[in-house]
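Please view the sequence and the structure together while reading.

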Amino acid sequence: VQYKFSLASFSSEADAKGTTQLRTSNSIDAASMISFNVACNREICTGGDRSCRHVELDIMDENSSYETGDHVAIFADNEKEHVEALAKRLNFDLDMWISMKDSDGMAPFPCPCTVREALTRHLDINAAPRRAMLVALAEMAQSPEDKDRLIKLAMKDNTDKYHEYIIKGTRTLVDILKDLPSVNPPLDKMLEILPRLQPRYYSISSASLMSPRCVHVTAVVVEQECGDGRTFKGVCTWYLKHLAPGNTVRGFLRRTSFKLPQDPKTPVIMVGAGTGLAPLRGMCHHIEERKKTLGEGQTHGTHVLIFGCRRRDHDFLYGDEISQWAKNGTLAKVHLAFSRNPDNMGSKVYVQNKVDDNAMHILSLLDNGGCFYVCGNTIMARDVKKALMQALVFMRRMTGGKAEAYLETLAKEGRYLQDVWSA
């Protein structure tokens, strides 16, 4: 492994801050970072073993704004416990001030800073180590057994072992170093081989018409028991879970094309599962507010929501709001799919089943110029598309190819929009 950065340490904070602030070579640092103030953070699951947080973030920058359907990017801090565990394992002084640069004078992350800041804010110590990192660690192994094990894990033709130990085992760098005691990377090399901590993007679950200076985030907290006493925690969702009102969050806003039609009379079909409800909730609030501004004689189109979760009594997110939208006419129809409800008689019901059940109505709305929105994981989005294609084949007598072409045309016209992420 070739290393290109040199490390300098300082005896005091004053000495470090007396040096030039280095430019970085990473595009992350070029993002237009703004600050958010935490206004609210509450649990919205009402039962079960999962946690879902509703977080409200006030936009502190007066020149920044968002539109319904946009994303917010959040820069989370690594958990203090993980940072200290890594430092203890490798005997790093977290309070030491450092600076790193390459031959062009570029830094891999904002410098100067303390080792604590580098490991907390700038570097991803929680990600699944990639093969390149395993090779680098193998070069530092002092025992032949540890070196051999790392080399075998890093081999491209040994995918099964890598997947079993790293991916399925949800092992982080700290976990690997605990298993391989002879691997002791020095500070400079450790800081260079660690990847940058990336921002996490969330679909904003509020409406700019209703809440123009505050974005809402809806996120399921990732916490997984690994079976050997370890617990894997998602960096950003764990960070969000523990934010308190008044805390400051770093991030930025990102525009998307996931937008409601300009004409309020246009029919809208929204399909979401789990936290895929987030931007759809924002759209429903937007529709509700827009409805109040319609003049006499003006009408709004038919709006349909298909939402799925596990159980009505556990994770029916924003259930009170959905019920209210059904009552006040914001939504003409609400179709709910509870995959694990006790009264399902053993069968599982998903949003794609509800699309299939209501296909005739959905297709009629599309015939009238309606727009179709899907938000959730890619597997769900694929199954929803498959259900629509089957409806076109059986109800419109289309071939599979023509059904797919029809949906592709809708997408090109901006009438079939998806906000999806990997499962």
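A charge sits over a ring if NZ of Lys or CZ of Arg is within 6 Å of the ring centre and within 35 degrees of the ring normal. Arg131 meets this description, lying over the face of Tyr162 at 4.3 Å from the ring centre. The model is a predicted one, in which local features need pLDDT of at least 70 and side-chain atom pairs count only at pLDDT 80 or more, while totals for chains, interfaces and linings use all residues. Residues are numbered from 1 along each chain as its sequence is written, and side-chain values use heavy atoms, with hydrogens and water left out.

**Charges over rings**
- Besides Arg131 over Tyr162, the charged end of Arg149 sits over the ring of Tyr165, 4.8 Å from its centre.

**Strand pairing**
- Helices (H or I, at least four residues) and strands (E, at least two) are DSSP runs numbered from the N terminus, and two strands pair if DSSP finds at least two bridges between them.
- Strand 2 (residues 34-43) runs antiparallel to strand 11 (residues 248-254), and 4 bridges join them; here Asn37 stands opposite Thr248.
- Strand 4 (residues 71-75) also pairs with strand 11 in the antiparallel sense, over 5 bridges, and Ala73 has Phe252 as its bridge partner.

**Aromatic pairs**
- Rings of Phe, Tyr and Trp (its six-membered ring) pair if their centres lie within 6.5 Å; planes under 30 degrees apart count as stacked, over 60 as edge-to-face and the rest as tilted.
- The whole structure contains 6 aromatic pairs under this search.
- Phe75 and Phe252 form a tilted pair, because their ring centres are 6.0 Å apart and their planes stand at 50°.
- This pair links distant parts of the chain, since Phe75 belongs to strand 4 and Phe252 to strand 11, 177 residues apart.
- Tyr201 and Phe252 form an edge-to-face pair, with 5.9 Å from centre to centre and 75° between the planes.
- That pair likewise links distant parts of the chain: Tyr201 lies in strand 7 (residues 200-203) and Phe252 in strand 11, 51 residues apart.

- Buried means under 20% relative accessible area, exposed over 50%, and partly exposed in between (1.4 Å probe, protein chains only).
- Phe75 counts as buried because its relative accessibility is 4%.
- Phe252 counts as buried at 13% relative accessibility.
- Tyr201 is partly exposed, with a relative accessible area of 36%.
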